[in-house]
Structure formats: C-alpha cells, structure tokens
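Here is a friendly tour of strand pairing and charged contacts. Take a look at the fold before reading on.

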Amino acid sequence: MIAIIGAGLGGLTLARILHVNGIDAVVYEAEASPTARAQGGMLDIHEESGQAALKAAGLYDEFLRLVMPGGEAMKVYDRHAVLRLAHDHEDSGRPEVHRRDLRELLLGSLPDGMIRWGSKVVEVSGDREVRLADGTSFIADVLIGADGAWSKVRPLVSDATPTYSGLSFAELDLLDPDVRHVESAELMGGGSLFALGDGRGFLGHREPDRLHVYVAVRTATPWSGITRDDLVAEFDGWDDRFLRLIRESDAEPFPRAIHTLPTGHRWKRVPGVTLLGDAAHLMSPFAGEGANLAMHDANELAAALIAHADTEAALSTYEAALFPRAELAAAESAQNMEVCFAPDAPDGLVAFFAGFSAE
C-alpha cells in the first residue's frame, strides 16, 4: 500500500496522478472533513511546475476555469504610499487561483474513500508503522510524508526541524471591499500589493470577495497573539492608507510566524519512505514556490513510481532531482525575503521587478 500522509495540494496531486495511472494509494488527513478550516489565499501557479502537474493530473482545462482575471497585476509602494512600481503582468505564465478552489478541484477528482478524513498521525516508527490518534495503526509499503511543516514522517529520514525566520505575519481580511472598503480596494488594485520599509511591510492580494492582507514585521520573538492596536503601533509614521487596512479589518489579526527548514535540506535514502512539499523543503513565501514545488514534487514522484517497478529505484530517482531543485528555490526565497525587508526597501524589490520585466 502507498500511504500519503496529508491532503494538502502536494498530497492530493500525487494521489490524483497515481489514480489516473492505475496505481492505488490512500491519503490520510488529520482534519475531519474538507471544510474543517479555511484554505489560504491566492496562488500564482507556474507553467513549469504547478501547471505541468495539473496537466499530468488531467485537470488543466478545469484549472483554467478557476483563474482570477487580472490577478497577476501588482503594485509596489513605499511607507508613504508613493507608488514605486505597477505592472499588469498579463500573460506572465503565472495565473492566479484561490487555494480553496484548487484544492476542491483536486478533491473532486479522487474516488470516494481514497481520503481517510479524521486520521491524525501521532507516531511513525522505523518499520513504516503509522499510529493514529484513534488508536488504530497500519504498515505502509511506501510511506510519503506530505504533511507539511511539522511533519510526523520527517523524523524517519531527517533530524531537521523548522526554525523561526525572524519574520512574523498577522493575517487580515477586508470583506466586500468594493462596497465597504473602496479606498483600500483602489490602493490594492486587482492583484497584489507590496508596501515595504523599515523591516516592515504590507503584503496583500485581491480575492474574489475580499482583500487578503499579511502585515509583516521583523521581530526576534514570534508573534503568538497580536491586536489591531499592536499592529498600528508597529507602523507608527506610515501613511494612514496602510493603517486603514488594519483598523478596518473584519476580525482581529491572526498571527503566523514564518518558519523554514535549512536551505539544502536533504537526507539519506531510507527504504520505502520519502517526503514532498513543506515536509521536505519548508521555506518562506518570498519566491512564490511553496504550492508549486509541492505539486512539482508530486508530479515527479508519481512519474518515478510509474516508471520503476522497483520502489527504491523510484524513490532514489525522485530524491536525486528533488534535492537540488528545492535548494535553489529555498535560496531564492531567503534572498527575496532579505530584499523585501532590507533597510532600503522597497528599492531592491523595485529593481528586481524592473529587471525581470526588461528580460
């Protein structure tokens, strides 16, 4: 039995590609149902990775119907709300889609019973025995950790654990923006927003029914709880149009500390076990690669399992390509985070995008 731990985008993509190629697998997911929690925000899906995986899954045409028109637009501001860069980015090859919609597409493509909801993994032993919170257990022939940053499978192959990056987010939503938050909607435009300076920033994106905003601050101690008033104080001296994003948000901010695995994280071959997505290469979001890499991992792992009757040959082939690819993405992500929160921000980001557009 192939057991996939985790029903995120990576695990579901792997399950789908295996399914359409006649290979049985079971997905074990801790959440009780597909609607147990909200599923993130907008994702830009890259041609060479996420889109290629969707083509292998036979879902590309359905994916195109989920794309948000105009979502590739971008605005970059400084702390005084001076617009430093604006692009529409049409036909960039990285269309925007909501994570929720993409996950629902993948879920709907799998047969009933392939996902075991409410299957929280509490322990995994070296013989690939997986013990669940309900007291049951099973032994997998192939065990794939697609279970995110705090993977229960990772300790079988690696002693690496996520570390705090020094950057904390607070997540905000402004609902029904074109009616209730008109000035903020105009500030953001139809796509994404970056407002940066002093080791701080606002990172936002237009969604179909809201403005989704991450307020980011370099801080030695990860945020575990923070209020609107706390955030306003952090941004003393910033243009009031940005402070309005905090004050007018429709719920108290939700804190998210950014953690990463070491750049270049890899492991020695462990029979019958491997990782994909954040379980393998957790990084900051500043390369836009998290979901794309997870889906790319899934595509390459499925291809290896399809091509090789010998499981160890398949997993070795997959990991040989995974490690250098993930290392490059993690290094890019770390570098981009430094650019965004450097003392001269947003100058470095403006120069980066200007150079990218000139190519």
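## Strand pairing around E4

Two strands count as paired if DSSP finds at least two bridges between them. This is a predicted model, and in it strand E4 (residues 74–77) runs antiparallel to strand E5 (residues 83–87), with 4 bridges joining them. Within this pairing, methionine 74 sits opposite histidine 87 of E5. The two strands make a hairpin with 5 residues between them, and in the turn alanine 81 has a positive phi of about 65°.

E4 also pairs with strand E13 (residues 192–197), here in the parallel sense and again over 4 bridges. Tyrosine 77 has alanine 195 in E13 as its bridge partner.

## Salt bridges

Side chains of opposite charge can pair when their charged atoms come close. How many salt bridges does the structure hold? There are 23.

One of them joins glutamate 171 and arginine 256, at 2.4 Å from N to O. This pair links distant parts of the chain: glutamate 171 lies in strand E12 (residues 163–175) and arginine 256 in strand E16 (residues 254–260), 85 residues apart. Is glutamate 171 buried or exposed? Its relative accessible area is 13%, so glutamate 171 counts as buried, while arginine 256 is partly exposed at 38%.

Arginine 200 and glutamate 234 form another salt bridge, their closest N and O atoms being 2.9 Å apart. Here strand E14 (residues 200–207) supplies arginine 200 and helix H7 (residues 228–234) supplies glutamate 234, 34 residues apart in the chain. Both are partly exposed, arginine 200 with a relative accessible area of 23% and glutamate 234 with 27%.

Technical notes:
Residues numbered from 1 in each chain as written. Predicted model: local features only at pLDDT ≥ 70, side-chain atom pairs only at ≥ 80, totals over all residues. Heavy atoms only, no water. Salt bridge = Lys/Arg side-chain N within 4 Å of Asp/Glu carboxyl O. Buried < 20%, exposed > 50% of the residue type's maximum accessible area, 1.4 Å probe, protein only.
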